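Please look over the sequence and the model shown below with the notes that follow beside you. They are written as numbered points, so that each can be checked on the structure in turn.

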Amino acid sequence: MALGLRLKNIFFILLGSSIFAFGLVHFNMQNHLAEGGFTGITLLLFFRFGWDPSYSNLILNIPLFFIGWKLLGRTAFIYTIIGTVSLSVFLWIFQRYQFMIPLDGDLALAALFAGVFLGIGLGIIFRFGGTTGGVDIIARLVHKYIGWSMGKTMFLFDAFVITLSLIVYLSYREAMYTLVAVFVGAKVIDFMQDGAYAAKGATIISDFSEEISKKIIEEMDRGVTILKGQGSFTRKERNVLYCVVARNELVRLKQTIISVDPHAFVAVSDVRDVLGEGFTHDENKKPLER
């Protein structure tokens, strides 16, 4: 497709926008909860002046479209246009064809559902290269150039918008549950972002490093890096193995190590944004479908 666009990405951006809009209408708006970012500003304008979020969302995002065009590139910019416009369309639809979800006034449940739906929706959109405009663009740029997680950036911006909403129309009780929804949403976004490429890194120290390395390569088809190390107490030099595996392979890795050396020292750590053969590329260096 022209400009590098992919139908798969467009489909999932539309799906994410629909999930986000559904959660916003049926949990935030129905339960008088605020939201962070530009979405929170549209809700503020809705509850204070009655302005339709499906329209104000587009109006507020027009200036940021220019930033997206300059800094995100044409493909990402077009995905952003698709995400922003589709969100407004789905907001318009769900506001006019909504149904009441009986939570019996339980703001805790409303906040949890709002966080999960909005987090899943935005996580899908981000995962496939899009945004819904507003602070999503800012969060994406900060992630790209500074390295902060999108969830962290959005949470900081959200705190400002929620404080403003508290001053304008929220009660303290609604504000507290809004913070719960935003926190849950930020965690879900990070999980959706990192989940596909998150892995485990194992540092292995053993007198049988050669045998362990060979068995991991042959039986698990995973690469192993041999580092040179020295014990600070014994001053004895030995090989240190480092291996990265998918989360669901960790138990198998431990069993493989123990089968060779039950006394091996193994330190496991979380690994994020794994790139390369076996994770994002196959053995021929071609991208893997996700």
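1. His 32 is found in the loop between α1 and α2, where helices (H or I, at least four residues) and strands (E, at least two) are DSSP runs numbered from the N terminus. Although His 32 is not a glycine, its phi is positive, at about 60 degrees. With a relative accessible area of 28%, His 32 is partly exposed; buried means under 20% relative accessible area, exposed over 50%, and partly exposed in between, with a 1.4 Å probe and protein chains only.

2. A word on the basis of these notes: this is a predicted model, in which local features need pLDDT of at least 70 and side-chain atom pairs count only at pLDDT 80 or more, while totals for chains, interfaces and linings use all residues. Residues are numbered from 1 along each chain as its sequence is written, and side-chain values use heavy atoms, with hydrogens and water left out.

3. Asp 221 is another residue to check, and it sits in the loop between α9 and β2 (225-230). Its phi is near 55 degrees, which is a positive value in a residue other than glycine. Is Asp 221 buried or exposed? At 68% relative accessibility, Asp 221 counts as exposed.

4. For the chain as a whole, the secondary structure comes to 10 helices and 4 strands. Read from the N terminus, the elements follow the order α-α-α-α-α-α-α-α-β-α-β-β-α-β. Of the 290 residues in the chain, 48% are buried. Among contacts between residues at least 6 apart in sequence, 72% join residues at least 24 apart, contact meaning heavy atoms within 4.5 Å.

5. The largest nonpolar core has 41 residues, and Leu 122 and Met 154 touch the most other members; a nonpolar core is a set of buried Ala, Val, Leu, Ile, Met, Phe, Trp, Tyr and Cys residues joined through side-chain atoms within 4.5 Å. At least two residues of this core come from each of α1 (7-29), α2 (37-49), α4 (74-96), α5 (107-127), α6 (135-145), α7 (150-168) and α8 (172-195). Apart from it lies another core, of 12 residues, which includes Ile 212, Val 245, Leu 253 and Ala 264.

6. Two packed helices are described by the angle between their axes and the distance between the axes. For α1 and α5 the angle is about 165 degrees, with the axes 7 Å apart; axes are lines fitted to C-alpha atoms, for helices over the stretch in contact, and angles run from 0 to 180 degrees between N-to-C directions. That makes α1 roughly antiparallel to α5, since angles under 35 degrees count as roughly parallel, over 145 as roughly antiparallel, 65 to 115 as roughly perpendicular and the rest as oblique. The crossing of α1 past α5 is left-handed, a term used if the near helix is turned anticlockwise from the far one by less than a right angle, whereas clockwise gives a right-handed crossing. The residues of this contact divide into 16 nonpolar, 5 polar and no charged; Ala, Val, Leu, Ile, Met, Phe, Trp, Tyr, Cys and Pro count as nonpolar, Asp, Glu, Lys and Arg as charged, and the others, Gly among them, as polar.

7. Two residues let you follow this packing in detail. Ile 19 lies in helix α1 and, leaving aside its neighbours within four places in sequence, is in contact with Phe 117, Ile 120, Gly 121 and Ile 124. Ile 19 and Leu 122 are 103 residues apart in sequence, yet 8.5 Å apart in space from C-alpha to C-alpha. Ala 114, found in helix α5, is buried, with a relative accessible area of 1%. Leaving aside neighbours within four places in sequence, Ala 114 is in contact with Phe 27, Asn 28, Gly 119 and Ala 181.

8. The axes of α1 and α4 come within 8 Å and cross at roughly 40 degrees, which makes α1 oblique to α4. This crossing is right-handed, and the residues of the contact divide into 15 nonpolar, 7 polar and no charged.

9. Finally, helix α9 (residues 209-220) and helix α10 (residues 250-260) pack at an angle of about 140 degrees, with their axes 9 Å apart, and are therefore oblique to each other. Their crossing is right-handed, and the residues of the contact divide into 6 nonpolar, 2 polar and 4 charged.
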